[in-house]
Amino acid sequence: MHVPRQCRGQAATFDFDNSYARELQGLYVDWQPAEVPQPALKFLNRPLATELGLSADDLAAPGGVAVLAGNRVPTGASPLAQAYAGHQFGGFSPRLGDGRALLLGEVVDRHGQRRDIAFKGSGRTPFSRGGDGKATLGPVLREVLMGEAMHALGIPTTRALAAVSTGEQVFRETPLPGAVLTRVAASHLRVGTFQYFAARQDLDRLQRLTDYAIARHDPALATHERPALALLGAVCERQARLIAQWMSVGFIHGVMNTDNMTISGETIDYGPCAFLEAYDPATVFSSIDRDGRYAYGRQPGIAQWNLARLAEALLPLIDADAERAATLAFDVLKGFGDRYTLHDLALWRAKLGLVGEQQGDAVLRDDWLALLQRGQVDFTLGCRSLVDAAQGRAEAFESLTQAVHAEAAAWLQRWHTRRNQGAGEEGVLLAMRRASPAYIPRNHLVEAALQAAVHDSDLGPFEQLLTVLRNPFDARPEHKEYAQPALPEQTRVYQTFCGT
Ligand code: AMP
Ligand code: MG
C-alpha cells in the first residue's frame with residue numbers, strides 16, 4: 001500500500017472532488033508520482049489557475065512547485081493511472097494506459113465545469129511497459145505552446161497549467177533535462193478507454209464507464225432510449241466540429257491514434273503535431289508517420305475511422321441483438337460526414353467572408369485551396385491576405401499567388417462577385433480575421449524557442465512566442481517576424497518527434 005505524501009504547511013490548496021476515483025473503481029490503479037531531485041518552475045498558467053479557483057502565487061511558491069513536480073501530493077488528491085487501450089497507426093494495442101501520466105484529481109472551475117488535473121512525466125506506473133515514465137523539457141514546453149495557441153484560436157483543447165523541470169537527466173537519444181507537465185482537461189476519457197473494457201468483454205465496467213461519460217459530458221442523454229448510441233452521436237458531433245476547426249487553421253495532430261481521441265471533443269496529446277505552411281493536404285511532419293496515415297488531408301477520414309472503433313466498443317450496450325446494434329451505430333457513424341461538412345463550410349464561409357449560404361460556396365473554397373496548393377502558398381498568410389483583399393487591398397494576395405497569377409486573378413474575380421451579393425461590412429471582416437489568424441505556432445519559431453529554453457536555459461523566446469500566440473487574430477507591426485513562414489529549405493526537412 002502506498003502512503004500518500006500529503007502536504008503540510010504552506011502549499012497550493014485544491015478543492016478536489018474526485019469522481020473518477022470514487023465512481024470508477026476497477027478502471028484505474030491508485031498510484032503515486034515519483035519524487036524528483038530539483039524542481040524548478042518553468043511555466044505557470046496564471047489565467048488558467050484563476051479559472052480553476054487556484055492561487056497562482058501559492059503554486060509559484062516552493063510548496064506549490066513541489067506539488068507541481070509530484071514531490072508533494074496535495075490534500076484531497078487521489079492520484080491514479082487510468083487504464084486504456086488504443087489503435088496505434090491502425091494496429092490494436094489492448095493495454096496502453098497512463099504509462100507516464102497520473103490523474104491527480106478533479107476540480108470544478110469558476111464556470112461550474114469539472115476539470116481533470118493530471119501530470120505527464122510523473123514516473124513509471126503499472127502501465128509503463130518498457131518506458132521510463134518520464135518527460136523531457138523541450139516536448140513539455142512544446143505542449144504548453146501548442147495547447148495555449150489552440151485555446152487562443154478558440155479550438156477545444158487540454159491546457160497546460162504548469163511545467164516544472166525536475167533536475168533529473170532523462171535518456172532519449174541523448175541525455176535531456178527531465179520535466180513534468182500539469183495538464184488540465186475536461187476529462188481524460190478516450191476512445192481507447194472504451195476499447196480497453198470492450199476488448200476484455202468486461203460489460204460491467206464498460207457500462208459504468210459509459211454511464212460516467214454521459215453523466216460528465218452529456219447528462220441530458222441519460223434518459224435517452226439508447227444512451228450509449230446517443231453518446232456515440234454526441235462524440236461524433238464534437239469530433240466533427242473539432243476536426244473542422246483543426247483543418248481551418250492548418251493544424252496537423254500527427255498521431256491520431258484512438259487513445260489520443262477524447263470523448264469530450266478536446267484536442268489532446270500534443271506530440272508530433274505541427275501547423276501547415278505551404279498548403280498541401282499530403283503534409284506530414286511526424287518522423288514515425290511513414291505512410292502518411294495522419295497527413296493533414298486525411299484527418300477527417302481518420303476521425304471517422306476512430307469513431308467507428310468507438311462504435312464497435314459500444315455495440316453491446318446499444319442493443320442486445322448484435323445486428324440491430326450494428327445497424328443503429330452505422331447510421332450514426334454515417335452522419336459524421338454531414339456533420340463535418342456543416343462545420344467545415346461554416347468555418348470556411350467565415351474565412352472567405354461569405355454572407356449567407358450559396359450553392360457554389362464549397363466549389364469556391366475548393367478552388368481556393370487548389371490555387372494555394374498549385375502556387376505553394378503559405379496557408380495562414382494566404383487566408384489572411386483575403387482580409388485585406390476584402391477591403392480592396394489585394395497586394396498581399398497578388399504577391400503570394402504570383403506563381404499562379406492568371407488563375408488567382410480569375411478566382412479573385414469570382415470571389416468578389418460572390419461577396420458583393422453579401423457585403424464588406426465590419427462584422428464580416430471581424431469574422432474573417434477571427435477565422436484566419438495572423439499568428440500560428442510556426443515550426444521554426446517553436447523550435448528556436450525550445451532550443452533556447454533547453455540548451456541555453458533562456459526562456460525569453462518561449463515567453464515571447466507565447467505572448468504572441470495568445471493574441472493570434474490582431475496583426476501587430478512589431479510582431480511581423482512571427483507571421484513569416486520558415487524558409488523553404490527549413491520547411492522541407494522539418495520533422496517532429498513523438499513523446500512529450
Ligand atoms: P503517447 O504517444 O504519449 O500518446 O503515448 C502512448 C502510450 O505510450 C501511452 O500508454 C503512454 O503512457 C505510453 N508512453 C509514452 N511514453 C512513455 C514513457 N516514456 N514511459 C512510459 N510510458 C510511455
Ligand atoms: Mg497518448
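**Exercise 1. Polar contacts of ligand 1**

Identify the atoms of ligand 1 and of the protein that face each other at Arg100, Gly97 and Asp269.

*Solution.* Step 1: begin with Arg100, where an N or O atom of the side chain is 3.2 Å from a nitrogen atom of ligand 1. A polar contact is a pair of N or O atoms within 3.5 Å; within protein, one must be able to donate a hydrogen and the other to accept it, and residues adjacent in sequence count only if both atoms are side-chain atoms.

Step 1: turn to the oxygen atoms of the ligand. A polar backbone atom of Gly97 is 2.7 Å from an oxygen atom of ligand 1. An oxygen atom of ligand 1 also lies 3.2 Å from a polar side-chain atom of Asp269.

Step 2: consider the cover. On its own, ligand 1 has 480 Å² of accessible area, and the protein covers 82% of this. Accessible areas come from the Shrake-Rupley method with a 1.4 Å probe; for residues, only the protein chains shown count as cover.

The model is predicted: local features need pLDDT of at least 70, side-chain atom pairs count only at pLDDT 80 or more, and totals for chains, interfaces and linings use all residues. Residues are numbered from 1 along each chain as its sequence is written, chains are lettered from A and ligands numbered from 1 in the order in which they are written, and side-chain values use heavy atoms, with hydrogens and water left out.

**Exercise 2. The shell around ligand 1**

Step 1: sort the shell by class.

**Exercise 3. Positive phi values**

Compare the location and accessibility of Asp269 and Gln201.

*Solution.* Step 1: recall the background. Most residues other than glycine have a negative phi.

Step 1: Asp269 has a positive phi of about 65°. Asp269 is placed in the loop between strand E11 (251-252) and strand E12 (274-275). Helices (H or I, at least four residues) and strands (E, at least two) are DSSP runs, numbered from the N terminus. Asp269 counts as buried because its relative accessible area is 13%; buried means under 20%, exposed over 50%, and partly exposed in between (1.4 Å probe, protein chains only).

Step 2: the phi of Gln201 is also positive, near 50°. Gln201 belongs to the loop between helix H6 (191-199) and helix H7 (203-217). With 67% relative accessibility, Gln201 is exposed.

**Exercise 4. Aromatic pairs**

Classify the pairs Tyr20–Tyr28 and Trp348–Phe379 by their geometry.

*Solution.* Step 1: the whole structure holds 18 aromatic pairs. Rings of Phe, Tyr and Trp (its six-membered ring) pair if their centres lie within 6.5 Å; planes under 30 degrees apart count as stacked, over 60 as edge-to-face and the rest as tilted.

Step 1: Tyr20 and Tyr28 are 6.1 Å apart centre to centre with 50° between the planes, a tilted pair. Both residues, Tyr20 and Tyr28, are buried.

Step 2: Trp348 and Phe379 are 6.1 Å apart centre to centre with 70° between the planes, an edge-to-face pair. This pair links distant parts of the chain, 31 residues apart: Trp348 is in helix H10 (residues 322-352) and Phe379 in helix H12 (residues 379-389). Trp348 and Phe379 are buried.
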